[in-house]
Protein chains: 2
Amino acid sequence: MRIECIAIGTELLTTRRLDTNSVWIAERLSELGLDLSMKTAVGDDREILARVFREAMGRSDLILTTGGLGPTFDDFTKEVCAEVLGVPLVEDPRCRADIQAFYDARKRVPPPANFKQAAIPEGAEALRNPVGTAPGVYWQNPPGHPGMRILMFPGVPREMKRMWTDHALPRLRTLAGRPVHTLRMVVAGVPESTLDQRIQEVRERHGHLDWTILASLTQVELLARGEDPAALERACADFTPLLGEDLACTGTGNLEDAVLDLLKARGESLAVAESMTGGLLAARLTAIPGASQAFLGGATVYSMGAKVALLGLDPERLAVEGTVSEATSRRLAEAVRAKLGATWGLAVTGNAGPGAEGDAPLGTVFLAVAGPKGTVSRGLTLPGDRADVQLRATAGALDLLRRGINLDRKY
Amino acid sequence: MRIECIAIGTELLTTRRLDTNSVWIAERLSELGLDLSMKTAVGDDREILARVFREAMGRSDLILTTGGLGPTFDDFTKEVCAEVLGVPLVEDPRCRADIQAFYDARKRVPPPANFKQAAIPEGAEALRNPVGTAPGVYWQNPPGHPGMRILMFPGVPREMKRMWTDHALPRLRTLAGRPVHTLRMVVAGVPESTLDQRIQEVRERHGHLDWTILASLTQVELLARGEDPAALERACADFTPLLGEDLACTGTGNLEDAVLDLLKARGESLAVAESMTGGLLAARLTAIPGASQAFLGGATVYSMGAKVALLGLDPERLAVEGTVSEATSRRLAEAVRAKLGATWGLAVTGNAGPGAEGDAPLGTVFLAVAGPKGTVSRGLTLPGDRADVQLRATAGALDLLRRGINLDRKY
């Protein structure tokens, strides 16, 4: 079965908006064992939209559209789709009543143009919208296309998601393939190419699974998909010793979840001192619900004065050792650990550009972890622009801490 | 002229990758006065890709592809495109030499499969890749399509961008329309719908310009595009008094740039104390190059202990007043200002979920700005999930500070 998404709206073609609806839809489809075969974004242009609908109907069995269901002149998804299929739009009285009720509840009078939204292609089914005024459409076996299904959703993510759950899911369950299971392994501290080589043999041994490697600036994800959960378990059992301490976690989490989970499991706590990452490390940790169970806080010591004022570093020694230095990163980790009474103190210093800072070229990073058994540190040179270097440095810091906690050797 | 992008790669159809290349390309096209009319993402599937190429050649004058130029079995963009046009691939000796040189420089032997990348459709021009091994393709007037241009880029953003600048830009300049100019106004602290109403009349008076409003969680952007710079200047002159102090900045910056620019212009400095935003406010500021000229640092006081240890708050008073309270936000702003000797101290407390914190329901936020003339604070209830509330709170804080600096009244 071929499935495609069409996202409609001129803003999706500009520099400022990405179509995230289709990503969410792909995730939901994947839970049903269904795959997206392509996706398209088109502007509010009737001619192009008509062409895209015609092409989609020639190649796909299930067409999912988002956007263009609203009340304004540039909303015409239903009209164009109905035109392509040679069918008129007819008003759905229940949808009209829903729109009226939506405005009544807000003690406002609906502009007459708003009722345009109640018009549905003849022969299609209206999908009521409990959180907005634009109903969706479910169209099974449209004229000339037996077996085809077209689903139209509003472009507002909140409305689309709600209508997916309420209306699309029950109707799509019958299409679902055998459920596909996923094994996800998050690897940190190893470049993608090195990892790829290292796992090649074992991956080929599990070649009946569908493998993907996805590298980002902070971690590498190794994904296997298959219909047999036992086969995934066997793969996991073979990969776990192969990846060793490079395996940060399996399941849905990321590197920062792995670190927080480790700390929580051990009843330990963390404080951070950030110079060049300027709060990003703390922000990545506190983005996770429940972070407060292990993360106490930290100091964003972006200036020399802040290193002195917040963490009590000695200004003279700081001037001698330099703000971007391994020695300073160690002092910061130890100081923030002591100051906040945390089990672990984690520090990042470095230079993320734009220019060189002192003697340190762009990309120079020093990381340090202070723990119950001592302090370890590490110097790195990270590639990329400012944002890349900052993000990579947070990943390096989290990974150094993760390995430190796991080893629990000299710390 | 119709222009479209085709992004090729199965990962673009999964939940884990968004095609950001096309967003960057749209931005570059827009600088040339050119618009994208649609974009497509397809997996590594020869049949679908061939179909998409055929459709694209039937509707567009300029086709830009990203991805599928690499050495592996699932890279076949050039092959499929050449097949659709009935043309063989031929090896480009210069590209072969480039690949060899790339490996030589790294003291490695290229795997034989790697030279597959040197094969280019007959009649097309190879675009050399100075930062990787996959050359691109520029194909003007392919067989049966006079006037058409096809450009193929690698999917790796760094390589694509470099090749755009080196190779695509000089070749596309001749297609450029009259350059389109943009007026961009960033508005903070006003909901999109309120703003829309307020500007309607003035916008209609400048109706010959192409207007867009784009709202995000942190700001609203008002964009006007037109060919006549004088018309944009007149619009700017009419909007500036209308927007008043809600106008954060014009040009390419965002709210955080506006705040840093204000501080730098006045030779003033900033320190932050973050509870519920957990470093995100500092991270947004330090993402900007040159932030250190005004931003000194801050305290991520994610636990009660951190509020006491880093900023010297009185634990007993904190227990009475509560960590999520207006009083505590004021004390935090004043403490961080004093501790770091900053002109301004900015603090955020609140509850971003998942559960209620003490008596404070999810979305409760207190912001405070401490300045040379005193302290102001503000309580808000912000909608959305954890990430939304955290991000909106940083925007609220930055905007409170911005207005405070601008007014310079009672602070």
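User: Leaving aside neighbours within four places in sequence, which residues is B:Thr66 in contact with?
Analyst: Keep in mind that this is a predicted model. Once neighbours within four places in sequence are set aside, B:Thr66 is in contact with B:Ala7, B:Ile8, B:Asn21, B:Phe153, B:Gly155 and B:Met160.

User: And where does B:Thr66 sit?
Analyst: You'll find B:Thr66 in strand E3 of chain B, which covers residues 62–66.

User: Why does B:Thr66 count as buried?
Analyst: Because B:Thr66 has 29 C-beta neighbours inside 10 Å. The cut-off for buried is 20 or more.

User: What about B:Cys5, how far is that from B:Thr66 in sequence and in space?
Analyst: B:Cys5 and B:Thr66 are 61 residues apart in sequence, and their C-alpha atoms are 7.8 Å apart in space.

User: OK, new topic: the two chains. How many residues are in contact between chain B and chain A?
Analyst: On chain B there are 55, and they are in contact with 55 residues of chain A. Several elements of chain B supply at least two residues each, among them helix H1 (21–31), strand E2 (38–42) and helix H13 (386–407). The largest share, six residues, comes from strand E14 of chain B.

User: What kinds of residues are on that side of chain B?
Analyst: The side of chain B that touches chain A has 27 nonpolar, 17 polar and eleven charged residues.

User: How do the E2 strands of the two chains pair, parallel or antiparallel?
Analyst: Antiparallel: strand E2 of chain A (residues 38–42) and E2(B) pair over five bridges. As one example, A:Lys39 has B:Ala41 as its bridge partner in E2(B).

User: Now the insides. Which residues touch the most other members of the largest nonpolar core?
Analyst: That core has 138 residues, and the ones touching the most other members are A:Leu270, A:Ala273, A:Val336, B:Leu270, B:Ala273 and B:Val336. Beyond its neighbours within four places in sequence, A:Val336 is in contact with residues including A:Ala271, A:Gly298, A:Leu311 and A:Ala347. Apart from this core lies another, of 94 residues, among them A:Ile3, A:Ala134, B:Ala56 and B:Val80.

User: How many residues of strand E15 of chain A are buried?
Analyst: Seven of the seven, so strand E15 of chain A (residues 344–350) is largely enclosed by the rest of the structure. A:Trp344, A:Leu346, A:Val348 and A:Gly350 point one way, while A:Gly345, A:Ala347 and A:Thr349 point the other way.

User: Which way does E15(A) run against strand E13 of chain A, parallel or antiparallel?
Analyst: Parallel, over five bridges, with E13(A) covering residues 270–274. In that pairing, A:Glu274 stands opposite A:Val348. E15(A) is also joined by six bridges to strand E16 of chain A (residues 364–371), and those two run antiparallel. There, A:Gly350 stands opposite A:Val365.

Notes
Residues numbered from 1 in each chain as written. Chains lettered and ligands numbered in written order. Predicted model: local features only at pLDDT ≥ 70, side-chain atom pairs only at ≥ 80, totals over all residues. Contact = placed C-beta atoms within 7 Å. Helix = DSSP H or I, 4+ residues; strand = E, 2+ residues; numbered from the N terminus. Nonpolar A, V, L, I, M, F, W, Y, C, P; charged D, E, K, R; others polar. Pairing = 2+ DSSP bridges. Core = buried A, V, L, I, M, F, W, Y, C linked by C-beta atoms within 7 Å. Buried ≥ 20, exposed ≤ 12 C-beta atoms within 10 Å, placed from the backbone.
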